[in-house]
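This report describes one protein model. The sequence and structure come first, followed by the notes.

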Amino acid sequence: MNGDSTTGANMSAVARQPQVDTNVTKIGTTPTGGALAKGAKLMEGSDCATCHRVNEKLLGPSYQAVAQKYPATEANIKMLGGKIITGGKGNWGDIAMTPHPAISVADAEEMARYILTLK
């Protein structure tokens, strides 16, 4: 190792450090709470926020408006999960919802389940 003793000491200290991911963007950002958190996390990873907000209409209805309109029944969760996947038009006006065919049925239903908690 060429260089001064400080460089050698620093390299030695780094070599003894455990390999820990300390990326600050990963610390404390994972929602907790089972299915509720899973739906929120799935929505964060999708393009939902392009058209929707929690408490205000954007291009599509607010999540709270959807939760007010549909009771949190398994039938409504399945129906809304299907709408997430296939898209649609007419239930909330003339602007069509973009289909999301790459989202699995299970994930779409988790998203719908989460939305229906936002009353």
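## Model and conventions

Helices (H or I, at least four residues) and strands (E, at least two) are DSSP runs, numbered from the N terminus. This is a predicted model, in which local features need pLDDT of at least 70 and side-chain atom pairs count only at pLDDT 80 or more, while totals for chains, interfaces and linings use all residues. Residues are numbered from 1 along each chain as its sequence is written, and side-chain values use heavy atoms, with hydrogens and water left out.

The predictor's confidence in each residue is given as pLDDT, from 0 to 100. For the protein the mean pLDDT is 81, and 70% of the residues reach 70 or more. Over residues 20-31 the pLDDT falls below 50; beyond near neighbours in sequence, this stretch has five contacts in the model. A contact means heavy atoms within 4.5 Å.

## Overall architecture

The protein has five helices and zero strands, in the order α-α-α-α-α along the sequence. Of contacts between residues at least 6 apart in sequence, 49% join residues at least 24 apart.

Burial is judged by relative accessible area with a 1.4 Å probe, protein chains only: buried is under 20%, exposed is over 50%, and partly exposed lies in between. On this scale 27% of the 119 residues count as buried. The accessible surface, from the Shrake-Rupley method with a 1.4 Å probe (for residues, only the protein chains shown count as cover), comes to about 8,000 Å². Carbon and sulfur atoms account for 58% of that surface.

## Helix α4 and its partners

Helix α4 spans residues 74-86, 13 residues in total. From first C-alpha to last, α4 reaches 18 Å, close to the 18 Å expected at 1.5 Å a residue; the expected span is 1.5 Å times one less than the number of residues. The buried residues of α4 are Asn-76, Ile-77, Leu-80, Gly-81, Ile-84 and Ile-85, and they pack against α3 (63-69) and α5 (105-115).

Met-79 is also in α4, but counts as partly exposed because its relative accessibility is 29%.

Glu-109 counts as buried because its relative accessibility is 15%. Its C-alpha is separated by 9.7 Å from that of Ile-85, 24 residues apart along the chain.

## The loop between α4 and α5

Gly-87 follows α4 and has a positive phi, near 75 degrees. Pro-99 is found in the loop between α4 and α5. The C-alpha atoms of Pro-99 and Gly-87 are separated by 3.9 Å, although the two are 12 residues apart along the chain.

Leaving aside neighbours within four places in sequence, Pro-99 is in contact with Ile-84, Ile-85, Thr-86 and Gly-87. Pro-99 counts as partly exposed because its relative accessibility is 43%.

## Rings and charge

A charge sits over a ring if NZ of Lys or CZ of Arg is within 6 Å of the ring centre and within 35 degrees of the ring normal. The charged end of Lys-69 sits over the ring of Trp-92, 4.5 Å from the ring centre.
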